[in-house]
Amino acid sequence: MNDDGEGDGKHGNDAYGRVAFKRSRSHFTDRITADGRDGWPVAAGRYRLVVSRACPWASRAVISRRLLGLEDALSMAVADPVQDDRSWRFTLDRDGRDPVLGIRFLGEAYDRRETGYPGGVSVPAIVDVPSGRLVTNDYQRITLDLATEWTALHRDGAPDLYPEARRDEIDAVMAEVYEDVNNGVYRAGFATGQQEYEEACAGVFRRLELLADRLSGRRYLVGDTITEADIRLFTTLVRFDAVYHGHFKCNRWKLTENRVLWAYARDLFQTPGFGDTVDFDHVKRHYYQVHTGINPTRIVPLGPDLGGWLTPHHREELGGRPFGGGTAPGPVRAGEEVPGAR
């Protein structure tokens with residue numbers, strides 16, 4: 001499967017929920033660094049970030065890029081949320097081609113890197129514009145490198161999303177969030193047996209309850225500022241009621257029914273760089289129309305009501321400095337607006 005980084009690339013969309021779920025490791029793990037030690041030096045304008053606004057793993061990169069002010073240095077391509085078995089498509093662009101890379105499918109950049117690559121075509125992906133070759137699809141590393149290796153190109157006032165003094169704690173929190181929440185909802189949604197589903201679903205809510213306890217007296221997951229850990233939790237929480245509660249059967253309770261997590265998620269959503277990158281239409285159409293093994297009718301539900309995302313959250317009463325000693329990002333750049341996001 002080629003959705004959101006999981007699967008082996010050998011099955012089509014109708015295999016979701018019918019083939020045992022296993023998230024694949026990123027195959028292309030080259031890093032773009034300040035010293036270019038992997039052969040890919042940080043350089044403004046050289047690379048293109050390919051994302052789907054539907055995908056939580058790609059959304060991490062979209063948020064990080066905006067918070068750090070890398071829009072001019074790292075251009076972004078947005079794929080159609082409804083991909084086919086050939087991979088993510090650029091059908092949102094004129095003539096169905098990405099205007100910078102000139103390709104119709106992200107898989108073409110993978111082929112230029114490794115002909116006949118047997119794995120799935122996943123986002124986020126970073127492509128070298130001059131050669132049209134994929135550089136990396138390492139969704140776990142891309143955002144960390146944007147925060148630490150691309151610093152020379154950060155905007156003035158960019159936050160430190162991965163502060164060195166806090167990295168051990170951030171890493172520990174992110175590992176728990178990844179195992180039980182980010183990946184846990186997929187293990188539940190793509191389970192092929194009752195016991196497998198129940199164990200995964202129970203793990204999701206057990207971790208969410210622990211996170212709610214952690215956040216009951218603090219505004220952010222680690223320290224008093226937004227970090228990478230908050231970005232990674234947010235991208236799952238913002239999709240929870242829209243798709244994971246129903247489509248993935250993670251339905252012990254809704255996000256809106258948990259006072260702490262609902263307020264925390266709204267706080268982040270209303271922070272520049274978060275909610276203004278979210279496209280609920282893309283999210284819902286992707287999950288309900290692509291995962292035909294789970295939803296064979298491809299019907300997209302009308303709900304839930306998303307109007308509550310902009311209601312007061314009162315989390316500012318806990319203190320905290322969202323951007324540390326920095327500032328909020330400016331308005332969304334022309335051409336990157338999300339209809340109805342705010």
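In strand 3, the bridge partner of Tyr47 is Asp128. Strands here are DSSP runs (E, at least two residues) and helices are DSSP runs (H or I, at least four residues), numbered from the N terminus.

A word on the source. This is a predicted model, in which local features need pLDDT of at least 70 and side-chain atom pairs count only at pLDDT 80 or more, while totals for chains, interfaces and linings use all residues. Residues are numbered from 1 along each chain as its sequence is written, and side-chain values use heavy atoms, with hydrogens and water left out.

Angles are taken between N-to-C directions and run from 0 to 180 degrees, with axes as lines fitted to C-alpha atoms, for helices over the stretch in contact.

Next, the pairings, where two strands count as paired if DSSP finds at least two bridges between them. Strand 1 (residues 47–51) runs parallel to strand 2, and four bridges join them. Val50 stands opposite Ala77 of strand 2.

How enclosed is strand 1? Five of its five residues are buried, so strand 1 is largely enclosed by the rest of the structure. Buried means under 20% relative accessible area, exposed over 50%, and partly exposed in between, with a 1.4 Å probe and protein chains only. Tyr47, Leu49 and Val51 point one way from strand 1, and Arg48 and Val50 point the other way. In strand 3 (residues 125–128), Ala125 and Val127 point one way, Ile126 and Asp128 point the other, and all are buried.

Leaving out residues up to four places away in sequence, Gly45 touches Ala73 and Val129, where contact means heavy atoms within 4.5 Å.

Back to helix 1 (residues 56–68), which holds Ser64. Ser64 is buried, at a relative accessible area of 0%. Its contacts, again without residues up to four places away in sequence, are Thr143, Leu146, Leu161, Glu228 and Ile231.

Now the later part of the chain. UniProt, in an unreviewed entry, places "domain: GST C-terminal" at residues 160–290. UniProt positions are in the numbering used here, feature names are shortened, and annotations may be inferred rather than shown by experiment. Over residues 160–290 the chain is 63% helix and 0% strand, with the end C-alpha atoms 36 Å apart.

Two helix items. Helix 4 (residues 167–182) and helix 6 (residues 194–215) pack at about 145 degrees, with axes 8 Å apart. From helix 4, the residues that meet helix 6 include Val173, Val177 and Val181. The residues of this contact divide into six nonpolar, one polar and five charged. Nonpolar covers Ala, Val, Leu, Ile, Met, Phe, Trp, Tyr, Cys and Pro, charged covers Asp, Glu, Lys and Arg, and the others, Gly among them, count as polar.

In helix 8 (residues 259–269), 10 of the 11 residues are buried, so helix 8 is largely enclosed by the rest of the structure. Trp262, Arg266 and Asp267 are among the buried ones. The cover includes helix 6, helix 7 (228–244) and helix 9 (280–290).

Last, the cysteines. How many disulfides are there? With a disulfide taken as a pair of cysteine sulfur atoms within 2.5 Å, the count is zero. Cys55 is in no disulfide, and the nearest cysteine sulfur, that of Cys250, is 16 Å away. Cys55 is buried at 0% relative accessibility. For Cys201, also in no disulfide, the nearest cysteine sulfur is that of Cys250, 4.8 Å away. Cys201 is buried, at 6% relative accessible area.
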